[in-house]
Amino acid sequence: MASVTIYDVAARAEVSIKTVSRVMNNEPNVRPMMRERVLEAAQALGYSPNLSARSLAGSKSFVIAVFVDAALTIDHWRSERGADYLSRIQLGATLQCRDAGYHLLVELIDHEAPQIRQEVGALLAALKPDGVILTPPSSDNEIVLELLNKSGTPYVRLGPEETDGPGPRVHMDNFAAARDVTEHLAGLGHKRIGFVVGEPRHGASQARRQGYLAAMEARGLSVDEAWIRQGDFTFQSGHDAAKALLALPDRPTAIFASNDDMALGVLAAAAEAGVLVPGEVSVAGFDDSPSARFSRPQLTTVRQPVVEMAELATRLLIKGQVKGGAAGAMAAPIDELLPFELIHRASTAPPPAP
């Protein structure tokens with residue numbers, strides 16, 4: 001049997017080929033009754049539009065690309081932990097792409113590579129995406145932003161450090177979320193609260209550190225520099241940081257790790273040292289990954305609206321609300337701030353009695 005074509009759908013629905021094309025491309029200004037008629041005809045005939053044909057028929061590629069950090073993503077997969085952040089971004093973006101007939105491509109960007117300019121430039125030239133979602137640290141990388149602006153490719157920055165920088169942004173308040181976690185621990189009676197900082201190249205890491213420090217200051221609690229340890233968002237870095245914190249003579253009674261993977265590393269280090277959680281030390285994380293609910297004890301953490309952020313960013317790109325190049329620079333800035341939620345679970349409790 002010959003494959004079904006757009007001409008067959010147009011004949012069955014008794015409409016023009018142009019109308020079928022507009023319906024298949026999910027374009028506006030098509031009457032609901034006409035759209036329904038075309039979709040019913042396409043379903044009855046088993047018609048599925050070819051992506052390459054759609055791309056050749058117009059200026060759209062029907063591709064949305066997501067730029068993610070190569071180093072951190074590979075580290076997560078090698079350790080067989082984490083990568084939940086990327087998975088949730090893919091879920092949110094894929095849901096929107098599927099409904100609109102787009103394809104989603106995830107591209108690993110090596111921000112430390114000397115040839116990053118050539119690689120990103122070649123990527124944009126080959127894919128010609130209709131839009132790009134930038135995750136940290138791409139959302140703050142000057143070279144990536146410059147190339148996108150020069151190519152006229154629309155983009156949305158997820159969770160950028162520079163909230164007043166170029167381009168539309170979709171983010172949450174990392175400062176306020178970290179402040180609230182620290183306030184929660186201080187409210188339980190903890191005075192010695194340790195903190196594990198995230199990957200230094202990610203803007204969220206510094207925002208969360210500043211939120212922790214602001215809450216400690218507001219409570220009148222001193223901060224020993226030995227209580228702050230550098231991590232990189234991986235389980236191993238959280239484990240190493242916790243070993244150092246738990247070995248202090250006057251160790252913290254609570255440890256706040258700025259993502260769940262590192263918090264799981266803290267839980268593991270505490271178990272190895274025979275330190276009870278939360279009986280001897282409370283532990284809090286950030287993300288509300290599935291592991292936070294499966295750990296023992298379950299992890300107090302911050303629920304990030306990652307899926308919702310990815311959905312919104314993708315929707316803005318697909319609906320053409322984001323312009324590329326000079327048009328985008330002249331447009332009013334899009335700044336979407338989504339809410340977070342502090343989730344109280346069993347890993348935090350009042351400190352042990354003196």
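Analyst: A salt bridge is here a side-chain nitrogen of Lys or Arg within 4 Å of a carboxyl oxygen of Asp or Glu. The model is a predicted one, and by this rule it holds 16 salt bridges. Among them is a network that links D288, R293, R303, E341 and R345.

Other salt bridges can be described pair by pair. The side chains of R179 and D180 meet in one, with 3.6 Å from N to O. R179 has a relative accessible area of 32% and is partly exposed, and D180, at 27% relative accessibility, is also counted as partly exposed.

A further salt bridge joins the side chains of R219 and E183, at 3.0 Å from N to O. This pair links distant parts of the chain, since E183 belongs to helix α9 (residues 174-187) whereas R219 sits in the loop between α10 (203-218) and β7 (228-230), 36 residues apart.

The side chains of E280 and R251 form another salt bridge, with 3.6 Å from N to O. E280 lies in the loop between α12 (260-272) and β9 (282-284), and R251 in the loop between α11 (235-246) and β8 (254-257), so this pair ties together parts that are 29 residues apart in sequence. Here E280 counts as partly exposed at 29% relative accessibility, and R251 is partly exposed with a relative accessible area of 24%.

Several of the strands named above come together in a sheet. Four strands make up an open sheet in the order β7-β6-β8-β9, and their pairing is parallel. Strands β7 and β9 form the edges, each pairing on one side only, and from one strand to the next the twist averages 15°. Within this sheet, strand β6 (residues 193-197) runs parallel to β8 and is joined to it by 4 bridges; I193 has A254 in β8 as its bridge partner.

Helices also pack against these strands. Helix α10 lies across β6 and β7, and runs at about 165° to β6. Helix α11 packs on the sheet as well, where it touches β6, β7 and β8, and its direction makes about 150° with that of β7.

Definitions and conventions. Residues numbered from 1 in each chain as written. Predicted model: local features only at pLDDT ≥ 70, side-chain atom pairs only at ≥ 80, totals over all residues. Heavy atoms only, no water. Buried < 20%, exposed > 50% of the residue type's maximum accessible area, 1.4 Å probe, protein only. Helix = DSSP H or I, 4+ residues; strand = E, 2+ residues; numbered from the N terminus. Pairing = 2+ DSSP bridges. Axes fitted to C-alpha atoms, helices over the stretch in contact; angles between N-to-C directions. Contact = heavy atoms within 4.5 Å.
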